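Please look through the model shown here with an eye to its side chains, and follow the paragraphs below from one local arrangement to the next.

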Amino acid sequence: MKLWLVFCLALLWVELQTGVCQQAKRRKDVGENRIRPGGKRVKTRHPKLKDGGGRSQSLLTQVLDKGRFLRLSQTTTLTPGRNMELRCKGTNIGWSYPTYLDTFNDSRLSIKQGDKYSQLILTSPSAADTGAYSCWVVVCDGTECDKDHDHVYVSYIYFRDKDNLFVPSAIHFEIVYLRPDKAAVVPCRVTDPQAKVSLHREVPPEEITANGTLVTYDPTKGFILQSPSPDHQGVFYCKAATKGTPQISIKYQLLYVEVPSGPPFVNLEASPESVTGGDNVNVTCTVLGEPEVDVSYTWSYPGQGQRPVHIQTSWRLVNRGMGHTTRISQSVLTVEDLETIDFGNYMCKAKNQHGETIVTIDVISQ
């Protein structure tokens with residue numbers, strides 16, 4: 001009996017040892033170390049799962065004191081007077097900032113590109129520097145470079161100033177053009193996103209209520225009129241307040257535009273219509289267009305390069321019924337003491353940001 005018990009215990013011990021060996025073998029198969037042919041151990045790399053939960057974090061940071069960094073969000077509020085240093089990671093970085101810093105060639109702004117990041121420094125910032133600051137990666141293919149639109153980082157920075165609730169402007173009166181097919185913006189931006197802002201008409205005096213649909217307010221843009229009409233014309237201003245006395249913005253003249261966007265609409269005529277040798281003639285090229293769109297002119301005429309001519313260009317705004325405002329631009333070519341070489345075809349080419357139009361007229365001797 002004892003012999004049989006010893007035999008059973010021995011058999012159980014053998015089975016347990018076999019199971020342990022097989023388990024150890026299985027663990028080694030899925031373990032982190034394997035042996036390549038040749039006897040070298042390699043570490044198994046498990047694939048990293050990609051995070052499909054949204055866009056990568058911004059590479060735009062602000063340098064704080066003592067070497068600390070702050071990753072900027074969509075909006076940032078800073079204190080005027082303290083130098084601002086922004087950094088953007090990358091070996092080739094482009095920048096954007098409030099346009100007036102370029103307009104006035106402001107020496108307070110400097111940009112430096114390093115080996116690992118680009119640096120934007122603005123010394124002694126003020127309320128006027130409030131605006132969007134952005135950086136992006138520049139991708140080059142040979143000599144051609146372009147913005148990588150998948151790696152653009154923007155932060156709208158407020159320089160909060162209790163004495164200047166509105167972002168200061170270089171002008172004291174601004175024209176805003178209204179179009180029926182396009183939203184209009186009354187650009188009374190603020191330096192404090194917490195300021196309460198209202199829109200007011202000067203004559204007759206009334207407040208235009210921002211109802212969240214037809215009229216809305218965005219502190220980074222101003223009041224937005226979603227469906228402008230002739231009824232919105234007039235002189236307006238904005239009023240802002242935080243805790244102290246309300247402040248008033250500059251004034252805005254809202255004008256309704258009659259002419260739609262597009263290439264110039266051109267009319268060409270000669271005066272007088274009947275001329276002979278020795279007379280003077282004016283050839284007038286007239287463009288009816290949008291109030292804020294500039295027009296450039298190019299002339300081609302008989303005797304060009306051989307006969308002296310005088311060219312005068314001007315423009316003015318006119319109201320054309322129902323309160324519609326239009327810009328009339330003119331270029332007048334004058335030829336004095338006509339000679340035989342001056343008779344022939346006169347061509348005017350008018351060009352704006354939307355395209356160009358060419359018209360011709362014949363000046364013949366009667």
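**Side chains in a predicted model**

Gln-233 counts as buried because its relative accessibility is 18%, which falls under the cut-off of 20%. In this model, which is predicted, Gln-233 is found in the loop between strand E17 (222–225) and strand E18 (234–241), and from there its side chain reaches the backbone nitrogen of Tyr-256 at 2.9 Å.

Thr-334 has its place in strand E24 (residues 324–335), and it is classed as buried because its relative accessible area is 17%.

A pair of aromatic rings is described by two quantities, namely the distance of the centres and the angle of the planes. The structure holds three aromatic pairs, and one of them is formed by Tyr-301 and Tyr-346, with 6.3 Å from centre to centre and 15° between the planes. That pair counts as stacked because its angle of 15° is under the 30 degrees set for this class. The two partners come from distant parts of the chain, 45 residues apart, with Tyr-301 in the loop between strand E22 (296–300) and strand E23 (310–319) and Tyr-346 in strand E25 (residues 344–352). Both Tyr-301 and Tyr-346 are buried.

Rings also take part in arrangements with charged side chains. Lys-147 lies over the face of Trp-136, at 4.0 Å from the ring centre, while Arg-327 lies over the face of Trp-315, at 3.8 Å from the ring centre.

Trp-315 leads on to the surface, where, together with Phe-173, Ile-175 and Leu-317, it forms a nonpolar patch with about 370 Å² of accessible area in total. Which strands supply at least two residues each to the nonpolar patch? They are strand E12 (173–178) and strand E23. Leu-317, which lies in strand E23, counts as partly exposed because its relative accessibility is 33%, a value that sits between the limits of 20% and 50%.

Definitions and conventions: Residues are numbered from 1 along each chain as its sequence is written. This is a predicted model: local features need pLDDT of at least 70, side-chain atom pairs count only at pLDDT 80 or more; totals for chains, interfaces and linings use all residues. Side-chain values use heavy atoms; hydrogens and water are left out. Rings of Phe, Tyr and Trp (its six-membered ring) pair if their centres lie within 6.5 Å; planes under 30 degrees apart count as stacked, over 60 as edge-to-face and the rest as tilted. Helices (H or I, at least four residues) and strands (E, at least two) are DSSP runs, numbered from the N terminus. Buried means under 20% relative accessible area, exposed over 50%, partly exposed in between (1.4 Å probe, protein chains only). A charge sits over a ring if NZ of Lys or CZ of Arg is within 6 Å of the ring centre and within 35 degrees of the ring normal. Patches are made of residues with over 30% relative accessible area and no salt bridge: like charges are joined within 9 Å, nonpolar side chains (Val, Leu, Ile, Met, Phe, Trp, Tyr) within 5 Å. Accessible areas come from the Shrake-Rupley method with a 1.4 Å probe; for residues, only the protein chains shown count as cover. A salt bridge is a side-chain nitrogen of Lys or Arg within 4 Å of a carboxyl oxygen of Asp or Glu. A polar contact is a pair of N or O atoms within 3.5 Å; within protein, one must be able to donate a hydrogen and the other to accept it, and residues adjacent in sequence count only if both atoms are side-chain atoms.
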